[in-house]
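Please consult the sequence and the coordinates while reading.

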Amino acid sequence: MPQIFDRSSNALARMSLILTGLIVIALGLTLDELQRSPWVTRQGQRADQPVPFSHKHHVEGLGLQCQYCHTTVEKSNYAGIPPTKTCMNCHAQIWTDAQLLEPVRQSWATGESITWTRVHDLPDYVFFNHEIHVNKGIGCSSCHGRVDEMPIMYMQNTLQMEWCLNCHRNPAKNLRPTSEIYNMAWQGASELTPVWCAAEDVPKGSPTAGGVTCTETAPGGEVQMAALSPPVPGLHAQSVGVQIGSEDTGVMQLPAGLHYTKFTSQEALGKFLIQHYDIRNPRELTSCEVCHR
Amino acid sequence: MATKDAPVNNPMVDPVTGEYRVIAPGHSFKSVTEEVSRIVLTSHTPLGWWFGFMVAGTVVGILTICVTWLFLKGVGIWAVTIPVAWGFAIVEFVWWIGIGHAGTLISAILLLFKQGWRNSINRFAEAMTIFAVICAAMFPVLHLGRPWLGYWLFPYPNTMNYWPQFRSPLMWDVFAVSTYGTISVVFWYIGMIPDLGTLRDRSQTKVGQFFYGLLAVGWRGSVRHWVRYETSSLLLAGLATPLVLSVHSVISLDFSVALMPGWHTTIFPPYFVAGAIYSGFAMVLTLAIPIRKFYHLEDLITIRHIDNCNKVMLATGLIVAYGYSTEVFMAWYSASHWEYFMMWNRMFGPMGWSYWTLITCNIALPQLLWSRKLRKNVGFTFLMALIINTGMYFERFVIVVTSLTRDYLPSSWGTYRATKWDYGTFFGTLGLFTFLFFLFIRFLPMIPMSELRMMLPQARVREKAEPIPEAGD
């Protein structure tokens, strides 16, 4: 009787063991990559819009402020999409015959809103609030990227939960003075771009960020170098007597008048702002109910 | 486990030990192999098999409908709501996973204890374990509400940057049940390889030779193969032994970690494990008795097996009874108002009937097993196995449902009335279990031929070679 299985079956059986392992690993890696790919996240995709509105042209070219259109970003969880009226403020006067703007004039004439395609669309079970981020030192470009350089709007980031948590677990690396929120070119504090900040007591009830004054040009008054307590090796900040970051800091005991501290690293600046903006600790910031109410 | 009251002239009784034999006398290596492999290799599938298979298949159809409707509509089609948020699904999960435990006990612990009689029943007891784990594992997933996200239960690198809650017993369940399922399948398959080799060699059809040859992974029965086979069996038995105790302990923690009167008790792990083995042996008997009758396997699954299983049931049943009495005692001894009320509500509340059904089926009636005569009565044993299975179902029902209906706050008390979808899913899993079992007995050797051959007197190795008479003496 002939053999049921050829001699090669032994090699095939051994190979299939290895292959099965490889296939499982490959499948895992593929799914992992796929889930983070723009195909799933729509990161970087330019959606079809009724009007090819260019943020680059309006912000970089013409110098419009973000809040000129997104009026509620500082006082609402929703930044706001401008009504057609905002467009017509200018376009009633200029480019009145442009073919590109036909849907805008149509909307103006009929009163029907322009149906934009939403680019940054979080799932409905995520509660996101623009107000708290903008008032506690997270700038537009931290999440939205260089909108002033986007001819057509797209998502700079994935907006996946891991991306949110990366910041909520360590906000220091993204914090900036509230005066720099709308600065699209903000790079963070460094040796080349130092930041001077001063903190003063604010009366209860007023915005916490109001007590912090920051500037990117060297102020005239006294200047201390930022120091962390305890000093972290490798940080670009030097201790000159004053301790920032612990309870009874020297800042409080200093004579009246603004007393500036120079920050030459983003981490030192972030820690200073976390303290003075009253930003909650990562344990609280990553609690489920912060984003899922 | 000696049973010495049998008449001496009964051929089923070993005259030396006075015990019932594990294998009827007069069997040879060949006859054992033929008796088991004919069931699988026959080209004439018995009509009875087709009938049972069709009935079970129909019930699987009902299960499919129930599960599909559940996926479309959500868990609202079940009776679960507040306060009874855990209903039939969890009852059945615990019930099925408990049933599986007997298979692992027989295949692992009894192997380590060198209980030879286990050899005849371990294969289908292990199959029972696997099918029970399949049925059990369905329920937590169906109960999720969003079953398509069931993979969130596993810790894997994900875009949410979050792990599951490792401090939750529900998380431990995932590991307990998946480990249990994996070990059971591996143990079952490794143990079957010599028999699959036998089937490959005896099969008359090309398809059979190919199919069994593929599964036998080149088994030739060489000494080296046997050494590896024995080593891996022992290793797997060692791995599976702690699982007999750990899996149901972990499942009991789902309850005892919760601050709920009737759940929050330290007696749960041991008493759940005993209950699991109790119900598992009842299920082994429920399956073994009809199968041995239908396929005329009385020579291989003898009264000895039935008697031994009955004794295990009696012993574990008493442990379970001890567990129940401890609960009652602690309800009084704790002097806790809530514990006391929980026990009163269990016994005399609106669902008291379920408690008394449980006591009758699990404690009162099984005391009849003290009688040697009844332990050897096949019909009675079958009936008793069914009663115990019912009783164990009610045990989980009492724990899950009755405790939840009336918790701390009388204003939030409620009741529980299972819907047709609850019943459909439950009977559906019974159908699925039977369906898989029918496939198993038709296509795989349900009694381990190789291990039975080792049980025969012919296989015994003589310690001393007989002196060879020299020529001329």
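Helices and strands are taken here as DSSP runs, with at least four residues (H or I) for a helix and at least two (E) for a strand. On that basis, chain B of this predicted model contains 15 helices and zero strands.

The overall dimensions come next. The C-alpha trace of chain B spans about 100 × 55 × 45 Å along its principal axes. Its radius of gyration is 24 Å, which agrees with the value near 23 Å that a compact globule of 473 residues would have. Of those 473 residues, 41% are buried. Among contacts in chain B between residues at least 6 apart in sequence, 80% join residues at least 24 apart.

Two packed helices are described by the angle between their axes and the distance between the axes. In chain B, α1 (residues 29-41) packs against α5 (residues 169-202) at an angle of about 70 degrees, the axes lying 11 Å apart. Because angles of 65 to 115 degrees count as roughly perpendicular, α1(B) is roughly perpendicular to α5(B). T33(B), S37(B), V40(B) and L41(B) of α1(B) meet T198(B), L199(B) and R202(B) of α5(B). These contact residues comprise three nonpolar, three polar and one charged.

Just after α9(B), A335(B) adopts a positive phi of about 55 degrees.

Finally, nine residues of chain B are in contact with eleven residues of chain A. On the chain B side, four of the residues are nonpolar, five are polar and none is charged.

Methods: Residues numbered from 1 in each chain as written. Chains lettered and ligands numbered in written order. Predicted model: local features only at pLDDT ≥ 70, side-chain atom pairs only at ≥ 80, totals over all residues. Contact = placed C-beta atoms within 7 Å. Nonpolar A, V, L, I, M, F, W, Y, C, P; charged D, E, K, R; others polar. Axes fitted to C-alpha atoms, helices over the stretch in contact; angles between N-to-C directions. Parallel < 35°, antiparallel > 145°, perpendicular 65-115°, else oblique. Rg over C-alpha atoms; globule rule 2.2 N^0.38 Å. Buried ≥ 20, exposed ≤ 12 C-beta atoms within 10 Å, placed from the backbone.
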